[in-house]
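Dear colleague,

Please look it over before reading on.

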There are 2 protein chains.
Amino acid sequence: MNTVRIKEDILTRFVQALLRGAGVDSNEAADMAAVFVWTDMIGRHLHGVNRLPALIKRFKLGLIGSPCTPAVTQPANALALLDGHNGFGQYLGHFAMAKAIAMASEHGVGVVGVRSSNHFGAGAYYVNLAARSNQIGIAMSNSVPKVAPHGGVRPVLGTNPFAFGAPWREKGAILVDFSTSAIPGSKVLEAIANKTSLPEGLVVDNEGKSIVDPQHLGQGAILPFGGAKGFCVGLMVELLSGVLTGAGVSHGVASMYEDFSRPADNGHFFLALDIARLMPLPRYYARTAELVTLIKAAGKSGAAQEVLIPGESRWRSFAEQESLGVGIDQKTVERLTVLAKECGVNTPW
Amino acid sequence: MNTVRIKEDILTRFVQALLRGAGVDSNEAADMAAVFVWTDMIGRHLHGVNRLPALIKRFKLGLIGSPCTPAVTQPANALALLDGHNGFGQYLGHFAMAKAIAMASEHGVGVVGVRSSNHFGAGAYYVNLAARSNQIGIAMSNSVPKVAPHGGVRPVLGTNPFAFGAPWREKGAILVDFSTSAIPGSKVLEAIANKTSLPEGLVVDNEGKSIVDPQHLGQGAILPFGGAKGFCVGLMVELLSGVLTGAGVSHGVASMYEDFSRPADNGHFFLALDIARLMPLPRYYARTAELVTLIKAAGKSGAAQEVLIPGESRWRSFAEQESLGVGIDQKTVERLTVLAKECGVNTPW
């Protein structure tokens, strides 16, 4: 598929203009544009500008509110709760992680739970905010049920992403960001859209048999990654970001693409930890570099394939798109062109 | 194998007497006995009293110290660091989680890092302490390198356990506790001891080929669970409990069974979060019960096999051993009998 390349700053201004043109609050639009463009730059295109048409559709239907003016309560030094007032997940995620980072700077650790939010995109963005502040970051979100518990066949949990970030190099943190399902929900949507089959053992019907045919994938349940252990991680995400925040839990969360009868009510969980309280930063960086060196040296002798640190391939994508422009596939360009017309905004292509 | 059944209180007093007889501080011995016996009661026998001979051997060699009198610094309200002075991991784990719980009661969240410790046994014990205090608990530990990074073939990370606990029922919390390797290190030791083969795809040689033969398992590297995602979790455990605490990292951690030249220098990471700061406890319990109901209903229609909540089978084991007595296998009974003689303690069998 052809790819259009747009410089980061031009794309960012376009996304801001699109959101403002649709009626989104301009401060929120600025934070959101940063999230979308960064996400495209690390190569996670399915959580980048590609999501704008669906999000703006929900906004226009009144299912997402802006300005949302989140209500913050801080019941204890290291713990805060945000009622997102059904605002955009990208804005609330940015807001909540910034709050967690500020709390960690003051009290060593900051935890912020968010309820009444929406899909927050790629958790890597938020943990990278923490890493850029020389902090450890953790971000989780629940999502619409698509995943069966270990031993079950019907969807109860979302693909519930888990993200972890730790400072590493000047340009680039260690970035962990994975769905707790055997395959990300976005990849299932992609298979359905592109009419491609999936391998066995990822999606099952209600008798537990594998579904591989894209025509039937929508009716199946995705299995957890890594069996019982992956289910445990997904359940932890649901408990921390759903149960504990007062957000929707399991079927209490609505699909952003399929359910236009109610707000999504996603919940998130953010944690930041201030490294410099535990050891001088140069010592932390030296210790991390030593661990990375050992990991890099753990490959097959003589094998060309290198061992990658989590996030490393993302930062390569980032550097490439920083220099060549952010790649947007032709289909997304077409959809954004339609959206730009509706919003009265000029396209950069 | 024959199993001897010993009542919980009798076994606990015996373990305390054994430890004291070996010269361990009596306060430390009391906390440690509680950890060992509880771990046997939930059915995790490989982390229970079975470990006593190896631990006491290290203690007698001066590789573990008691009393260790851990040095606590609290650089911020929600963050503390423990220098374990090379004390027993079970004692330091209990001490550190108790500190995290106290900090969470005051500040909403408490994080405690531990360095200069030893193998802490089953993380489930510590997160259950948090759950019994109506808190969320997280416990992690690094350990001697046995696991290759994703894409690598040589051991860099330990089997680095991750544990998570959340209150659920009066008698029993949701308990997640897993090694981040494809198979626990203890199961590999068991296969070597019992001379049984392992399935393909769990342990590899330095060319990446599967090792299944128990005679060669000791030379291989265990793969992470769940591929790249499991490696990410194991790396997070190493960063939080090793790098960040100042403990040994990777090969800086020594084997409790094989390396008698230096202290083990394990690091741990504990987190507690006070639920009642976020919502009234009855509401939390009701929301958790609703989620559990959905998970239980996600099985195959008509299938006999039930869907289990993490920890559920552990609590069944606990109830059984509470009523019948704690089961100790014959081999462990023999080893403890020898140890009891050395320590001048009468056995309860």
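The notes below cover confidence, cavities and cysteines.

This is a predicted model, with ipTM 0.97 and pTM 0.97. Chain A has an average pLDDT of 96, and 99% of its residues reach at least 70.

Cavities. The count is 5 cavities of 30 Å³ or more. S5(B) has the largest share, with 3 residues. The lining is made up of 15 nonpolar residues, with no polar and no charged ones.

The second largest cavity has a volume of about 40 Å³. Ile136(A), Ile138(A), Leu271(A), Leu273(A), Leu240(B), Phe269(B) and Leu271(B) line it. At least two lining residues come from each of S5 and S10 of chain A and S10 of chain B. Here the lining counts 7 nonpolar residues, and again no polar or charged residue.

Cysteines. There are 0 disulfides over all chains. For Cys68(B), the closest cysteine sulfur is that of Cys343(B), 19 Å away, which is too far for a bond because a disulfide needs the sulfurs within 2.5 Å. Cys68(B) is buried, at 5% relative accessible area. Cys343(B) is also counted as buried, at 10% relative accessibility.

Regards

Terms used. Residues are numbered from 1 along each chain as its sequence is written. Chains are lettered from A and ligands numbered from 1 in the order in which they are written. This is a predicted model: local features need pLDDT of at least 70, side-chain atom pairs count only at pLDDT 80 or more; totals for chains, interfaces and linings use all residues. Side-chain values use heavy atoms; hydrogens and water are left out. Buried means under 20% relative accessible area, exposed over 50%, partly exposed in between (1.4 Å probe, protein chains only). pLDDT is the predictor's confidence in each residue, from 0 to 100. On a 1 Å grid over the protein atoms alone, a cavity is a set of points where a 1.4 Å probe fits but cannot get out, and a pocket is an open set with protein on both sides within 12 Å along at least five of seven lines; lining residues have an atom within 4 Å of a point. Grid points are joined across faces, edges and corners, and a volume is the space filled by probe spheres set on the points. Helices (H or I, at least four residues) and strands (E, at least two) are DSSP runs, numbered from the N terminus. Ala, Val, Leu, Ile, Met, Phe, Trp, Tyr, Cys and Pro count as nonpolar, Asp, Glu, Lys and Arg as charged, and the others, Gly among them, as polar.
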